[in-house]
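Subject: Structure handover

Hello,

Here is the structure for you to look over. My notes follow below it.

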Amino acid sequence: MAAAGDFVFISCADCSSSSSVILSWKVNSQTGAITQTSSASQPIAMWPGTDPSGKFLYAMSSSVYGFSINQQTGDLSSLPGSPYSVESANSTAPWISPDGTWLCTAGFTGPGASPPPDVSCAQRDPSTGAIFTSLGNQVTSGLGPYQGGSPFVKGNYLLANTLQSNSSDQSYSRTGIAVLQIAPSGINAVNTYPGIHGVIAVDPTGTLVGVSGDDSTLTLLSFNSTSATLTQDAQVTLPQTPDALTFTCDGKYLAVSNGSANTVSVYSVSNNGLQQVGSPVPVTSGASSQAVAPCPNEVTPQ
């Protein structure tokens, strides 16, 4: 799932009897109701992501599929040259740098890959949405296995989980967080932080970072773009390992899905702390809460 403005896009492999599709939905910002506006058939199921301008959508498979978004209807039109062949495309959601000049994809999606691919990035034209496919416009980390999993933070830095090989079962476990710097010369880890790892979320300013830890902790950190450093501000232990988290669009709250508990908890991040707001909100349908997303406009939890 990906969002841009008042639209939500869903890549679906089994929601119809036809081939895979990307569905466009219009969100009513007053009521929260969604209405399907269009669908685009695709040859393969893909992970979607949008750029900071909200004008372009990209879907990842063995290539990068690029689309322009009709700002009135949500219709998708293929970009000239799409699909783009890149050095190391992965079937994980793409992330676009704040200035729009880089498209990056995660290097690893789960255990069992030996070795997992590196984080890879390709240069991009922010005005047209085109991805540059020559090898001189593409870089990979090449410094060891990383697992992507967040938007960029301020200053065009990308956060990723560091991974360690488990020789007993040839899998990889997350061990910490790395701050990666993306440049035409390559991808470099400028800082690493052992011990904190998991699902990563970044607030709209690119300066607050939330991590739902594999050890059932929820950690809030501050990112300094001048020194490219992370500082831990607060940490709480949850009853269960959270499945997903996101900041609200005003950056005041952090919402966390509680997985098998089938609830969503909301935390205030005012004064760089984690203060739970009210009781966990029950999810009315489904066996578990595995994802969470903010509404398009500023919200106040009730």
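Cys249 is partly exposed, because its relative accessible area is 36%. Here buried means under 20% relative accessible area, exposed means over 50%, and partly exposed lies in between (1.4 Å probe, protein chains only).

Some ground rules before the rest. This is a predicted model, where local features need pLDDT of at least 70, side-chain atom pairs count only at pLDDT 80 or more, and totals for chains, interfaces and linings use all residues. Residues are numbered from 1 along each chain as its sequence is written, and side-chain values use heavy atoms, with hydrogens and water left out.

**Disulfide**

A disulfide is a pair of cysteine sulfur atoms within 2.5 Å. By that rule the count is one disulfide. The partners are Cys104 and Cys121, with their sulfur atoms 2.0 Å apart. Cys104 lies in strand E10 (residues 102-105) and Cys121 in strand E11 (residues 120-123), so the pair ties together parts that are 17 residues apart in sequence. Strands (E, at least two residues) are DSSP runs, numbered from the N terminus. The torsion about the S-S bond of Cys104 and Cys121 is about 110°, so this disulfide is right-handed. Both Cys104 and Cys121 are buried.

**The sheet E5 to E8**

Four strands make an open sheet, in the order E5-E6-E7-E8, with antiparallel pairing. Strand E5 (47-50) and strand E8 (76-78) are at the edges with a single partner strand each, so one side of each has no neighbour in the sheet. From one strand to the next, the twist averages 30°. Axes for such angles are lines fitted to C-alpha atoms, and angles run from 0 to 180 degrees between N-to-C directions. Two strands pair if DSSP finds at least two bridges between them.

Strand E6 (residues 56-60) pairs with E7 over five bridges, in the antiparallel sense. Tyr58 has Gly66 in E7 as its bridge partner. E6 and E7 form a hairpin, with three residues between them.

Strand E7 (residues 64-69) also pairs with E8, antiparallel, over three bridges. How many residues of E7 are buried? Five of the six are, so E7 is largely enclosed by the rest of the structure.

**Ser38**

Ser38 sits in strand E4 (residues 34-41). Ser38 counts as buried because its relative accessibility is 14%. Its side chain makes a polar contact of 3.1 Å with the side chain of Asp75. A polar contact is a pair of N or O atoms within 3.5 Å; within protein, one must be able to donate a hydrogen and the other to accept it, and residues adjacent in sequence count only if both atoms are side-chain atoms. Leaving aside neighbours within four places in sequence, Ser38 is in contact (heavy atoms within 4.5 Å) with Ile22, Leu23, Ser24, Gly74 and Asp75.

**Gln275**

Gln275 belongs to strand E24 (residues 275-276). With 57% relative accessibility, Gln275 counts as exposed. Not counting residues up to four places away in sequence, Gln275 touches Val266, Tyr267 and Ser268. The C-alpha atoms of Gln275 and Tyr253 are separated by 9.2 Å, and the two residues are 22 residues apart along the chain.

Best regards
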